[in-house]
Amino acid sequence: MEEKILKEKILRESREMFDRIEEVSLKNTEKILRVFRDARVSDAHFRTTSGYAYDDLGRDKLDEVFAEIFGAESALVRTQFASGTHALATVLFGILRPNDELVSITGSPYDTMQTVIKSLEEFSISYRELPMKNSRVDLEKIPEVISNRTRMVLIQRSKGYSSRESLSVEEIGRICAEVHRIKPDCICFVDNCYGEFVETREPSEVGADIVAGSLIKNPGGGLAPTGGYIVGRKDLVELASYRLTAPGIGREVGASLYDNRILFQGLFLAPHVVSQALKGSIFAAGIFSELGYRVFPEFKDPRFDIIQAIDLETPEKLRAFCRGIQKFSPVDSFATPEAWEMPGYEDRIIMAAGTFVQGASIELSADAPMREPFRVYLQGGLTFEHAMLGILGAVEEISKVS
Ligand SMILES: *Cc1c(COP(=O)(O)O)cnc(C)c1O
């Protein structure tokens, strides 16, 4: 099929899905406006501070609006988090104590988290996993993996680099209810990366005790220059803040070296940006399944994160796909992606990322571990127009090698 006809066919068939995505974006934007209004966000909150930054108005206001938007008691939103992994690790190290046990209820965690979790051993914190069953959480087996030492359960919302399905917020609610039924004081910790604003509720609104993620993914709206966030129960966020800075100091220090405006504005834009990225993922699924590739989720499947996986079958096609995305990037469009040993990952990783913010995967980007079945994970796109052009660029590059 000619490219233009294919594109129009997929767009036509996507219309209803796009309508639903726009509805979610509208609801989340309404929520953010209401929270900003109630919190009286104003330009006094946009100033930068230096030194200890005691009483940093902008920083404290940003924590307040994040907590409210995520339906949580407390939030810690900081550019001092170097990455999502750093925010997630801060929760683990801030809360877990010797002889505690951590249980991952969503099978094997995200690549970088495996290294973090392994290092918990050095503090005599034990760890076990409940494998997913038919790519879903094995609810019936939860009682078997929770002991009286189980202090925390890790729930990963997005599939990351695996073939399982991503969790809906509703399912996360069911899991938290089951865990709390078995052990009421067990902490349900959600890795929320790539899931924010895909639905109208967040895990902290359905029973998660603490939730963390990256600001250079969904909730930064493409504007946040770096950082991460933690939201959840007040006592738990406090413990995490002691690990980020120091016990007794916690959230009280940490200068807004960057313009706080960018974090507020990014949060404000986030629901729309997420909607653009979601449309891009649907478009990619439609085009590539039409071309005969296996795609996850499938074109018309419900979506619970912004990631689209595509099995490209050969290393040549995988490299070609990444070249196409790179060529249609606003930054470094002249570069040729090569696989490299990324810190924290097991296999070599190839990435296409011509992003304004280095490594920001809310911007159109593709990553893939160099292993069978050469599955690429595509995500992001600040505008749907860009996502579409990048995906068509990838199709064109692949057609040259096959
Ligand atoms: C991105 C991601 C992380 C954290 O990765 P960073 O690159 O450190 O921000 C953790 N878990 C999942 C599921 C992710 O997608």
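## Getting started

A residue counts as buried when its relative accessible area is under 20%, as exposed when that value is over 50%, and as partly exposed in between, using a 1.4 Å probe and protein chains only. Helices (H or I, at least four residues) and strands (E, at least two) are DSSP runs numbered from the N terminus. Two strands pair if DSSP finds at least two bridges between them.

This is a predicted model, in which local features need pLDDT of at least 70 and side-chain atom pairs count only at pLDDT 80 or more, while totals for chains, interfaces and linings use all residues. Residues are numbered from 1 along each chain as its sequence is written, and side-chain values use heavy atoms, with hydrogens and water left out.

Strands of a sheet pair through backbone hydrogen bonds, either parallel or antiparallel.

Follow β12 (residues 375-379), and you will meet its pairing with β9 (residues 308-311), which is antiparallel and runs over four bridges. Here Q308 has L378 of β12 as its bridge partner, and I310 stands opposite V376 in β12. Strand β11 (residues 365-369) also pairs with β12 in the antiparallel sense, over three bridges. In that pairing, S365 has Q379 of β12 as its bridge partner. The hairpin of β11 and β12 has five residues between the strands, and F374 takes a positive phi near 55° there.

## How β12 is enclosed

Why is β12 largely enclosed by the rest of the structure? Five of the five residues of β12 are buried, so the strand is largely enclosed by the rest of the structure. In a regular strand the side chains alternate between the two faces of the sheet. Both faces of β12 are covered: V376 and L378 are buried on one side, and R375, Y377 and Q379 are buried on the other.

Is S14 buried or exposed? With 0% relative accessibility, S14 counts as buried. Leaving aside residues up to four places away in sequence, S14 touches I282 and F299, where contact means heavy atoms within 4.5 Å. The C-alpha atoms of S14 and K279 are separated by 8.4 Å, although these residues are 265 residues apart along the chain.

L33 is partly exposed, with a relative accessible area of 41%. Together with L223, F268 and L269, L33 forms a nonpolar patch on the surface, and the four have about 290 Å² of accessible area together. Patches are made of residues with over 30% relative accessible area and no salt bridge; like charges are joined within 9 Å, and nonpolar side chains (Val, Leu, Ile, Met, Phe, Trp, Tyr) within 5 Å. Accessible areas come from the Shrake-Rupley method with a 1.4 Å probe, and for residues only the protein chains shown count as cover.

## Salt bridges

How many salt bridges does the structure hold? There are 29 of them, a salt bridge being a side-chain nitrogen of Lys or Arg within 4 Å of a carboxyl oxygen of Asp or Glu. One of them joins R233 and D209 (3.6 Å, N to O). This pair links distant parts of the chain, 24 residues apart: R233 is in the loop between β7 (228-232) and α7 (234-244), and D209 is in the loop between β5 (187-191) and β6 (210-214). R233 is partly exposed at 29% relative accessible area, whereas D209 is buried at 10%.

R59 and D60 form another salt bridge, with the closest N and O atoms 3.3 Å apart. R59 counts as buried at 3% relative accessibility, while D60 is partly exposed at 35%. The side chains of E313 and K317 also meet in a salt bridge (3.7 Å, N to O); E313 counts as partly exposed at 43%, and K317 as buried at 15%. Finally, a network of salt bridges links R323, K327, E397 and K400.
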